[in-house]
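Please look over the model shown here before reading the questions and answers that follow.

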Amino acid sequence: MYRSLIAAVFAVTVTPAMAQDVSLFAAGSLKAALTDVANAFTAATGTPVTTAFGPSGLMRERIEAGETAHVFASANMRHPQTLADAGKAGAVTLFARNRLCGLARPEVDVSTDTLLDVMLDDGTRLGTSTPKADPSGDYAFALFDKSGHADALKGKVLQLTGGPDSAKPPQGRNNYAWVLDSDQADVFLTYCTNAVLAKKEEPDLQIIQISQALSVGADYGLIVLNDAPEAAQALADYIISPEGQAVLAEYGFDTANGG
């Protein structure tokens, strides 16, 4: 009944002027969740949403280069703030949070308590995403800084995903499941939400929770670009509504209010 009420409210408040398609650019880690949110928004309002997902830094560069985006959902606050500071968008809204987890091949002997030692071991191939292009890589490097072994970890890490020249998985494969399944790394640091999706595809993979001493949180920021159609603000509002937040929570994100 609550879902029906939300749909009815949005159906009433969306006007004919809002029928124009809305373009949503978003972080790759949001693909599953925001695809569901966009579909629910379209069902509730009749407004089509076109989506594009990828590393947040590269998505920001596409917007700066002139591609049409009306709403931008980033895996950090910095990339949307950069666009806002440049006068291209309104204020940045924190709409979700995430955390890093370790993802390991099944034969790796690793736990929360031993993760740092395993990452430092010369025999361990450690993978991350690409800093600057993808916030996941920035968060991983922040974890390295907290570890007390930043130079050693940054010196050995393999930046396997998220960059403009990163290898792409076969069609339909989860990026992180594929990286480990194809033996490119033994341990990979990624968002916990990504790790859950990878394990669904490859159940033998291990998800390792990161100790509080090393834990790095990820704040996700949302903006509406200037000159966007009226429905763009409605979509942004929908993402931060109880309806949208419930979908994000189903995919393992912490919601903006900490739930």
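The side chain of Ser129 reaches the backbone oxygen of Thr161 at 2.9 Å. This is a predicted model, in which local features need pLDDT of at least 70 and side-chain atom pairs count only at pLDDT 80 or more, while totals for chains, interfaces and linings use all residues. Residues are numbered from 1 along each chain as its sequence is written, and side-chain values use heavy atoms, with hydrogens and water left out.

Q: With which side chain does the side chain of Ser129 make a polar contact?
A: A polar contact is a pair of N or O atoms within 3.5 Å; within protein, one must be able to donate a hydrogen and the other to accept it, and residues adjacent in sequence count only if both atoms are side-chain atoms. For the side chain of Ser129 there is such a pair at 2.5 Å, and the partner is the side chain of Asp134.

Q: Is Ser129 buried or exposed?
A: Buried means under 20% relative accessible area, exposed over 50%, and partly exposed in between, with a 1.4 Å probe and protein chains only. Because the relative accessible area of Ser129 is 0%, this residue is buried.

Q: Is Asp227 buried or exposed?
A: Most residues other than glycine have a negative phi. Asp227, although not a glycine, has a positive phi of about 65 degrees. Because its relative accessible area is 80%, Asp227 is exposed.

Q: What is the relative accessible area of Asp183?
A: Asp183 is also not a glycine and has a positive phi of about 65 degrees. Asp183 is partly exposed, and its relative accessible area is 39%.

Q: What is the volume of the largest pocket?
A: On a 1 Å grid over the protein atoms alone, a pocket is an open set of points where a 1.4 Å probe fits, with protein on both sides within 12 Å along at least five of seven lines, and lining residues have an atom within 4 Å of a point. Grid points are joined across faces, edges and corners, and a volume is the space filled by probe spheres set on the points. For the largest pocket, that volume is about 850 Å³.

Q: Which residues lie nearest the centre of the largest pocket?
A: The lining of the largest pocket consists of 35 residues. Those that lie nearest its centre are Gly28, Lys31, Pro169, Asn175 and Tyr176.
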